[in-house]
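Welcome! Please take a moment to look over the sequence and the 3D view, and then we will walk through some pairings and contacts together.

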Amino acid sequence: MRSKIANKFRGLLWLLCGLCTACTVYDTPADIAGGPEEVVGAGDGIIRYVLWVYIDGARGSIVKDEVEKGNLPVLKPMLEHSKYAWTGLSDDHALLSDSRGNFSDEDPVTWASMLTGLNSRMHRIRDYSYTPDYAVGGAPVVPNTIMQYLSNSDPTLRMSCVSSWENLNRYVGVMQSVVTTKSDAETVDTLADQLARDDYRFTLAAFRSVQDAGKQGGFKETNAQYVDGLKQADTYLGRLLEVIKTRENAANEDWLICVTSDHGGTEDGHYGGASDEERDFFGIFYYDHYTPLELKGETFYAVRFSATEWATAEDSTALYGIGRDKQLSVEMNIRNTPTETQSYHGPNWTYLVGKAHWGMYRQRETAVLRVAENGTLQEAVTGCNDARWHSLYMGLGPQSATAGQRMYLISYDGRRQKYSETSAMGVEDDSTAVVIGKGAWKNYSSSTG
């Protein structure tokens with residue numbers, strides 16, 4: 001079992017909707033959102049835009065190295081006003097029948113994950129049809145894409161997609177403009193023309209040459225074509241930024257520029273699988289009012305556990321502690337197995353994941369976030385009452401220096417459930433083991449102090 005901890009990458013994706021459709025409040029922790037106070041107010045005359053550029057197949061670790069070498073002169077200075085992460089972990093393709101998707105073009109699994117905010121266990125899209133493959137007896141709920149959320153929030157908001165992926169372009173059909181190009185050169189020409197002449201508030205674009213080079217010679221720094229593809233994509237991005245600066249109404253516009261990949265690849269040219277190399281991707285969220293912040297996620301591994309045992313991962317450095325100045329996010333996929341009587345009413349206070357002083361637990365039919373030290377925070381959502389896979393996310397900000405409060409966020413299947421502040425949790429660093437799986441909270445807490 002593998003869990004991604006302290007990864008705030010998804011919180012930035014939530015910001016996309018906020019910048020297009022709202023001006024004052026975002027569902028994003030304040031330390032991440034981090035813009036100046038003067039950039040607020042529905043009546044300030046500022047119009048907000050999003051340009052989201054994918055560099056398909058760009059491995060985060062390699063992009064980071066090339067930026068540090070100075071080989072990507074557009075991306076490097078953008079970091080001075082960006083929230084960014086080099087340590088993304090893309091979808092693990094868990095629903096595929098083999099270890100690789102054997103995709104010859106775009107990777108529909110990771111595209112669907114990025115655009116819906118759900119992993120493949122939830123959106124159940126596994127091939128170029130972009131049609132969910134529902135399990136027998138499963139409820140046919142088709143998840144919304146970010147474009148659908150934007151359209152539902154503001155039906156008049158205009159959106160555009162420019163890419164050479166024909167299947168993807170059918171998937172994003174709610175957009176007012178969808179252009180299928182034959183090359184990256186045509187893609188950047190089309191984008192430059194649209195940015196100069198039109199008024200699309202949300203623009204999605206994809207460059208594919210990096211992925212094509214990785215397929216031919218490997219997703220590695222020793223593949224000259226692969227690195228040249230990154231440099232060309234960097235040049236294309238610079239051209240688009242210049243067009244945005246020269247727009248007629250540029251002085252009254254705010255732009256969020258998102259530059260991400262959707263997956264990485266192996267040194268022998270494969271992608272679409274579950275290896276770390278294939279899941280290695282990055283994200284840069286540039287906004288000229290941002291102060292810089294690198295978001296660093298960590299991954300830990302633990303053995304598979306049975307119904308009567310649980311796994312632990314030692315944490316002597318308190319990496320996953322939640323002291324006063326610490327912040328933490330945990331995301332997991334959970335599925336409940338019914339009893340012999342087909343009941344989902346399960347045991348009380350058993351671990352999903354946690355430590356001595358904080359954890360996410362199962363309490364009968366609910367999933368509970370509980371922090372118990374110097375005041376108790378306890379919030380629950382109904383999350384264990386059927387046999388479907390569900391995603392559960394918990395985020396916790398640092399303690400405010402002025403108000404003495406901490407912000408927390410709980411989302412379930414990509415929908416916000418709890419979002420507030422609490423005066424609890426002046427917790428010190430916690431160096432006890434991270435626990436995954438079965439184990440009563442009270443017993444474990446008393447045995448570890």
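Let's begin with strand 2, which pairs with strand 6 (residues 202-207) in the parallel sense, over six bridges. Keep in mind as you read that this is a predicted model.

**Strand 2 and its partners**

- Within the pairing with strand 6, Trp 52 has Leu 204 as its bridge partner.
- Strand 2 (residues 47-55) also pairs with strand 7 (residues 253-260), again in the parallel sense, and here there are eight bridges.
- How many of the nine residues of strand 2 are buried? Eight of them are, so the strand counts as mostly covered.

**A serine in strand 4**

- Ser 160 sits in strand 4, which spans residues 159-163.
- Is Ser 160 buried or exposed? Its relative accessibility is 0%, and because buried means under 20%, Ser 160 counts as buried.
- The side chain of Ser 160 makes a polar contact, at 2.7 Å, with the side chain of Gln 194.
- Leaving aside residues up to four places away in sequence, Ser 160 touches several others, including Met 175, Ser 177, Tyr 200 and Phe 202.
- Leu 204, the bridge partner of Trp 52, is also among the residues that Ser 160 touches.

- Six strands line up in the order 11-20-13-14-15-16 to form an open sheet with antiparallel pairing.
- Which strands stand at the edges? They are strand 11 (310-313) and strand 16 (376-382); each has a single partner strand, so one side of each has no neighbour in the sheet.
- On average, neighbouring strands of this sheet are turned by 35 degrees against each other, with direction ignored.
- Inside the sheet, strand 13 (residues 348-354) and strand 14 (residues 358-363) run antiparallel and are joined by five bridges.
- Asn 348 stands opposite Gln 363 of strand 14.

**Salt bridges**

- Side chains of opposite charge can pair when their charged atoms come close.
- How many salt bridges does the structure hold? There are 13.
- One of them joins the side chains of Lys 69 and Glu 66, with 3.4 Å from N to O.
- Both of these residues belong to helix 3 (residues 60-69), where they are three residues apart, about one turn of the helix.
- Lys 69 is exposed, with a relative accessible area of 54%, whereas Glu 66 is buried, at 3%.
- Lys 69 forms a salt bridge with Glu 221 as well, and the closest N and O atoms of that pair are 3.4 Å apart.
- This pair links distant parts of the chain, 152 residues apart: Lys 69 is in helix 3, while Glu 221 is in the loop between helix 10 (209-217) and helix 11 (224-245).
- Glu 221 counts as partly exposed, at 33% relative accessibility.
- In helix 9 (residues 184-197), Arg 197 and Asp 193 lie four residues apart, about one turn of the helix, and their side chains meet in a salt bridge of 2.6 Å, N to O.
- Arg 197 is exposed, with a relative accessible area of 67%, and Asp 193 is partly exposed, at 37%.

Methods
Residues are numbered from 1 along each chain as its sequence is written. This is a predicted model: local features need pLDDT of at least 70, side-chain atom pairs count only at pLDDT 80 or more; totals for chains, interfaces and linings use all residues. Side-chain values use heavy atoms; hydrogens and water are left out. A salt bridge is a side-chain nitrogen of Lys or Arg within 4 Å of a carboxyl oxygen of Asp or Glu. Helices (H or I, at least four residues) and strands (E, at least two) are DSSP runs, numbered from the N terminus. Buried means under 20% relative accessible area, exposed over 50%, partly exposed in between (1.4 Å probe, protein chains only). A polar contact is a pair of N or O atoms within 3.5 Å; within protein, one must be able to donate a hydrogen and the other to accept it, and residues adjacent in sequence count only if both atoms are side-chain atoms. Contact means heavy atoms within 4.5 Å. Two strands pair if DSSP finds at least two bridges between them. Axes are lines fitted to C-alpha atoms, for helices over the stretch in contact, and angles run from 0 to 180 degrees between N-to-C directions.
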